[in-house]
Amino acid sequence: MITLKLKPKKEESLLRFHPWVFSGAIQHINGKPEEGDIVEVQDNKGNFLALGHYQVGSIAVRVVSFEKENINANFWKKKIEQAYLLRKELGLAESETNNTYRLVHGEGDNLPGLIVDVYDDTAVMQAHSVGMHATREQLAKSIVEVIPRVKNVYYKSETTLPYYAPIEKKDMYLIGGQSDSFKAIENGLQFEVDWLKGQKTGFFVDQRDNRSLLEKYAKGKNVLNMFCYTGGFSVYALRGGANLVHSVDSSAIAIELTNKNIAKNFPATDKHQAFAEDAFKFFSEKRSEYDLIILDPPAFAKHRDAVRNALKGYRRLNAKAFQQIKPNGIVFTFSCSQVISKDQFRLAVFSAAAEAKRNVCILHQLSQPADHPINIYHPEGEYLKGLVLFVE
Ligand code: SAH
């Protein structure tokens, strides 16, 4: 096996089980690894530290094991078994009322570079590294062996694999195909999930718990679900007894999906309306009818150098909601930008409140759900931040 020796003292983060090796920490590579190969990482004296996938770029190795062991089909199957065990423990898998969950959350499941979401009998797998791409067949096979309900595995990595990697990137079913009896259920609600055309793996599983909380606040309220995508929050708001729900998204496909999901769950409702419009344009008109507003925008910053502008964007957006919401209203506001910290986001929302000159207090501080676990050695895995605010 190809070994990779670190510079003196550069082993410290690995001794603390952080799963990345940066290229600047490497002193010498013994051999010529191909991107995606399993390599052994050693300290400067040649002692074993970890095994991981070799990458081209600033992260040179993503660790898959801190033990000297065989990385074979059995190894990957055990990892999938472990991930599934946790989801069963959480009551998310094998439940009558829920069959929609994240099975693998990258570093949070000790599988850096891999995301798997399960929707009923179909798993959607996304590789972010060439190493996971190279392992896709073994992973797919393990998923159907381990999870009795899953019969199909769709691989969707065209846009998530490094663009420069000289590999064929093609989205396809690795096992099975389009399912006839497919029925995705989240907390007893039905959802259309379109992994072929939809964003990411087709559905934002990470807002499940936050949607449940929203449901509790919805009774009798006029709700605005801004950045609705598949209308998750809107469906929960209707079940919670909202008086009116408006869903807004700039994507026409998202609006179509939202309307389908409302019809699936509440075919007779006349309380919902969807608008294919830009958020800021929608807010530019006077919108004073809402007493509950949800703001769940896409990541405003994907890289560190975009943080300043992103914070301005969060401030501008939240200020619009604070300016327009009715007295004694409630705002659910989120950021899914991994490079923006909880404190930075809170500060942006604080500035927005001050700009709107409203009395605002924090009712809940929200995060990602338990099927998106954060590896304690990899705090970078914490990405979803939310605040529920009371606006006097
Ligand atoms: N709240 C959703 C997830 C939102 S994802 C859920 O619970 O599933 C972010 C959404 O914002 C995407 O659907 C995207 O189409 C939409 N979007 C991006 N830019 C926008 C803009 N300027 N105005 C309105 N919607 C926008």
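Which helix holds the place of R136? The answer is helix 4, residues 136–146. The views below come from a predicted model.

View 1. A polar atom of the R136 side chain lies 2.6 Å from the backbone oxygen of H133. Setting aside neighbours within four places in sequence, R136 is in contact with M125, Y155 and L174. Q126 is 10 residues from R136 in sequence. From C-alpha to C-alpha, R136 and Q126 are 9.1 Å apart.

**View 2. The residues around the ligand.** The ligand is surrounded by 16 residues. The closest are R211, D249, D278, A279 and D296. By class, this shell contains seven nonpolar, four polar and five charged residues. For D249, an N or O atom of the side chain is 2.6 Å from a ligand oxygen. For R211, a polar side-chain atom lies 2.9 Å from an oxygen atom of the ligand. For Q199, the distance from a polar side-chain atom to a ligand oxygen is 3.0 Å. Taken alone, the ligand exposes 590 Å². The protein buries 88% of that area.

**View 3. The largest nonpolar core.** This core has 32 residues. Which of them touch the most other members? They are L224, M226, F283, I293, L295 and F322. Several elements each supply at least two residues of the core. The strands are strand 14 (222–226), strand 17 (292–295) and strand 20 (385–391). The helices are helix 8 (279–284), helix 9 (307–324) and helix 10 (342–356). Helix 9 gives the most to this core, with seven residues.

**View 4. F283 and its contacts.** Neighbours within four places in sequence are left aside here. F283 is then in contact with L224, M226, I293 and L295, among others. The list also includes L317, K320, A321 and Q324. F283 belongs to the largest nonpolar core, as do L224, M226, I293 and L295.

**View 5. T258 in helix 7.** Helix 7 spans residues 252–265 and holds T258. Is T258 buried or exposed? T258 counts as buried, because its relative accessibility is 0%. The T258 side chain reaches two backbone atoms. One is the backbone oxygen of Y229, at 2.7 Å. The other is the backbone nitrogen of G231, at 3.2 Å. T258 and Y229 are 29 residues apart along the chain, yet their C-alpha atoms are separated by 6.8 Å. Not counting residues up to four places away in sequence, T258 touches C228, Y229, T230, G231, S247 and H272.

**View 6. R87 in helix 2.** R87 lies in helix 2, which runs over residues 73–89. R87 counts as buried because its relative accessibility is 0%. Which residues does R87 touch, not counting those up to four places away in sequence? They are L92, A93, Y101, R102, L103, V104, H105, D109, D371 and P373.

Terms used:
Residues are numbered from 1 along each chain as its sequence is written. This is a predicted model: local features need pLDDT of at least 70, side-chain atom pairs count only at pLDDT 80 or more; totals for chains, interfaces and linings use all residues. Side-chain values use heavy atoms; hydrogens and water are left out. A nonpolar core is a set of buried Ala, Val, Leu, Ile, Met, Phe, Trp, Tyr and Cys residues joined through side-chain atoms within 4.5 Å. Buried means under 20% relative accessible area, exposed over 50%, partly exposed in between (1.4 Å probe, protein chains only). Helices (H or I, at least four residues) and strands (E, at least two) are DSSP runs, numbered from the N terminus. Contact means heavy atoms within 4.5 Å. A residue is near a molecule or strand if one of its heavy atoms lies within 4 Å of it. A polar contact is a pair of N or O atoms within 3.5 Å; within protein, one must be able to donate a hydrogen and the other to accept it, and residues adjacent in sequence count only if both atoms are side-chain atoms. Accessible areas come from the Shrake-Rupley method with a 1.4 Å probe; for residues, only the protein chains shown count as cover. Ala, Val, Leu, Ile, Met, Phe, Trp, Tyr, Cys and Pro count as nonpolar, Asp, Glu, Lys and Arg as charged, and the others, Gly among them, as polar.
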